[in-house]
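Open your viewer and get ready to select things one at a time. At each stop, pick what is named, turn the view and look around.

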Amino acid sequence: MAIITLTSDFGHRDAYAAIVKASILGLDPTISIIDISHEIEAANIAHGAFVLNSAYRNFPGNTVHIVAVDSLGGENSKIIAAEIEGHFFIGADNGLFSLISEREAENVIIIEQEIPSTFPARDSMAAAAVNLSAGALLEELGEEYSKMKKFFKRIAKANKEEIIGHVAHIDNYGNLITNIKQNDFEFLVEGKKYIIGIGREQLDYINKSTNEVEPGDCFVLFNHLGVLEIGIKNGHAAQLLGMQYDSQVWIKFS
Amino acid sequence: MAIITLTSDFGHRDAYAAIVKASILGLDPTISIIDISHEIEAANIAHGAFVLNSAYRNFPGNTVHIVAVDSLGGENSKIIAAEIEGHFFIGADNGLFSLISEREAENVIIIEQEIPSTFPARDSMAAAAVNLSAGALLEELGEEYSKMKKFFKRIAKANKEEIIGHVAHIDNYGNLITNIKQNDFEFLVEGKKYIIGIGREQLDYINKSTNEVEPGDCFVLFNHLGVLEIGIKNGHAAQLLGMQYDSQVWIKFS
Amino acid sequence: MAIITLTSDFGHRDAYAAIVKASILGLDPTISIIDISHEIEAANIAHGAFVLNSAYRNFPGNTVHIVAVDSLGGENSKIIAAEIEGHFFIGADNGLFSLISEREAENVIIIEQEIPSTFPARDSMAAAAVNLSAGALLEELGEEYSKMKKFFKRIAKANKEEIIGHVAHIDNYGNLITNIKQNDFEFLVEGKKYIIGIGREQLDYINKSTNEVEPGDCFVLFNHLGVLEIGIKNGHAAQLLGMQYDSQVWIKFS
């Protein structure tokens, strides 16, 4: 049973996600459709990329991921498909796919659209996804495309004295998920002391779990994505620490 | 694999939608259940009708649609089923079904309820939906009903000089979806100049896609439903233009 | 086709629920996954218990329910599984399972975790759920556990003169769902007159359905869960009556 996932900024008040599902099931009723999120902020590429990045590797290889974020369609808007880390992605050429992996997208193609559409997730992405999940090759779906829009992913700067990173996402609990990698930290710390700076807060520990702190206290840990995450137990860290998307978080070694 | 869709004002904080799904799967575990929306505003018939209308024709013919909006049940509340445009609809007799098509509902019946229920979506709609999706005829589910509640759908007024329409829905992006039809506009415009009025804003163009305008600018296009839609690229048109549900939108020809 | 349900405080902005689904489907792609709710308030055991309690008995016996509320994992955090009323439950040992039934949990076990995880719903609950749905016995999943955390469920006090209960949940419509049971009321009322007190409001009737009252008026009925529910037709009772979670509701007989 093939899986197609959906990630979008459609929200839940409208029928947009259901319409895409209807298109998919009309072509192949046996497909399992899994919603990754439909609450991506409208046209927020960074939010969409973070959520998709956090999720897709948990699905089986060759899973097809439809990404309808900032994908309003129209004559000049390109809908592309690409292979990244053994998964297939279909969405607008808006740079989002350049932010979900450190590897280059492979076999990028433009999906041919007969007529311009104001709803490409329904009118072209759904059919392309069903074809891919049935075993079609990317090159069968459209012309090769070498100009995929790319953004540079914000990467933490690390040297022997410090790591300077940023908040990459604030999750539903208000936890701050940074771009500071566990690997980098472990390589640099070498038994040294360190201080972690989060706004005006400074901490000198990293927890193994949130159970080590009391409700209302700050925890810092390397999470399931292998990056530094800061939270307040039973509290909303972003609000309580005055942090937002892209706020700086640093670690100084001494 | 038969499909049953759900449209409701249940929201996501409670288990109501899951309970209806449990009832359906308890009767037939092979059915695919697709959520159209559970974020219809409480008891808002117009919102429910707009969302259902925008979605149902994308599903295969004979799909069964459960509509639990303003359906609190009880002794005097009738649960009805009807056929509209080759689809089956089950819900309260509250007028919603009269707003989702220009065609008359056919074969309207009252679903028999053994005991009055405060949760008819679970207690009678689920079983009726499973029966219909298994091929039962509407007349097997209950008595014919000739008094289905009807509302008149707000229709844009059109003549050679102008079209006067209204905002029929504000979607998740804040876009204004009107009841002005592309067909009517194209029939009347005949190469004439025109001005479109949206609150204090006046525009003299219709876009083919949102790509033609810059972020922050207003776009106007005929959308995937074939009606006039107004938005602000990367902005919330309803807030920025001071428009709400039922606000007037007009087109004057000259 | 086995069913696994999910109840969590994950919300919809992140991919957490989808990641758990990916883990489940990676192990057994034929399982039907039903979301009960992902909008439980963060770490709110009472909210999670109410919603789960209202839903699970509608599913077939032996259904497996994953409950990821206040389940942040870590070294000291126990993930348990138990049988309650013929259903299987998997979640953190945080007391939630003691609030969903009047019967004792049976066969409680601790699920072995090879390494501590910050995301136990993905890393241990999903696999345990798939095993249980495939027919594994609880005792095959881990060691017996006799110290399951227990809370005392708030129960209405009833005697011949009065019943004193509380608001157990405020639903999406703003309706007040209490812990006053229809059985207790019917046993005690014996044809006597009664007054129901809800904040400053006093009523002397119980409706059979919301249809008996006009929009804007208060209805009181015994709902599909067999408990007293108070609402305002087409209004938000909690806001309009100034009631909240745990506010007192009483019935005095005379």
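How much area do chain A and chain C bury between them? The answer is about 2500 Å², with 55% of it on carbon and sulfur atoms. Buried area here is the accessible area (1.4 Å probe) that two parts lose on being put together, summed over both.

Before moving on, a word on the ground rules. This is a predicted model, in which local features need pLDDT of at least 70 and side-chain atom pairs count only at pLDDT 80 or more, while totals for chains, interfaces and linings use all residues. Residues are numbered from 1 along each chain as its sequence is written, chains are lettered from A and ligands numbered from 1 in the order in which they are written, and side-chain values use heavy atoms, with hydrogens and water left out.

**Stop 1: chain A beside chain C**

Colour chain A and chain C separately. Here 31 residues of chain A are in contact with 26 residues of chain C, where contact means heavy atoms within 4.5 Å.

Now select Glu41(A) and Arg13(C). These two form a salt bridge, and their closest N and O atoms are 3.2 Å apart. The term stands for a side-chain nitrogen of Lys or Arg within 4 Å of a carboxyl oxygen of Asp or Glu. The rule finds 1 salt bridge across this interface.

Polar contacts come next. Across the interface of chain A and chain C there are 12 residue pairs of this kind, both residues at pLDDT 80 or more. A polar contact is a pair of N or O atoms within 3.5 Å; within protein, one must be able to donate a hydrogen and the other to accept it, and residues adjacent in sequence count only if both atoms are side-chain atoms.

Which elements of chain A give two or more residues to the side that touches chain C? Select β2 (32-37), α2 (45-55), β9 (162-170) and β13 (218-222) of chain A to see them. Helices (H or I, at least four residues) and strands (E, at least two) are DSSP runs, numbered from the N terminus. Colour that side of chain A by residue type and you get 12 nonpolar, 14 polar and 5 charged residues. In this scheme Ala, Val, Leu, Ile, Met, Phe, Trp, Tyr, Cys and Pro count as nonpolar, Asp, Glu, Lys and Arg as charged, and the others, Gly among them, as polar.

**Stop 2: chain B beside chain A**

Move to chain B and chain A. This contact takes 31 residues from chain B and 26 residues from chain A, and the buried area is about 2500 Å². Select Arg13(A) and Glu41(B) to find a salt bridge whose closest N and O atoms are 3.2 Å apart. Between chain B and chain A the count of residue pairs in polar contact, both at pLDDT 80 or more, is 11.

**Stop 3: how the copies are related**

A rotation of 120° with 0.0 Å of shift along its axis does it, with an RMSD of 0.0 Å. That is the relation of a three-fold axis. The copies use different surfaces: 3% of the contact residues of chain A recur in chain C.

**Stop 4: a helix in chain C**

Is helix α2 of chain C largely enclosed or open? Select residues 45-55 of chain C: 10 of the 11 residues of α2 are buried, so the helix is largely enclosed by the rest of the structure. Buried means under 20% relative accessible area, exposed over 50%, and partly exposed in between (1.4 Å probe, protein chains only). Among the buried residues are Ile45(C), Phe50(C), Val51(C) and Leu52(C). At the start of α2(C), look for a side-chain oxygen of Asn44(C) within 3.2 Å of the backbone nitrogen of Ala46(C).

**Stop 5: Asn107 in chain A**

Select Asn107(A), which lies in strand β6 (residues 106-111) of chain A. Asn107(A) has a positive phi of about 55° although it is not a glycine. Asn107(A) is partly exposed, with a relative accessible area of 43%.

**Stop 6: Ala2 in chain B**

Finish at Ala2(B), in the segment before β1 (3-8) of chain B. Ala2(B) and Leu132(B) are 130 residues apart in sequence and 9.9 Å apart in space, C-alpha to C-alpha. Leaving aside residues up to four places away in sequence, Ala2(B) touches Ile31(B), Ser32(B) and Ser133(B).

Note on methods. Least-squares fit on C-alpha atoms with pLDDT ≥ 70 in both.
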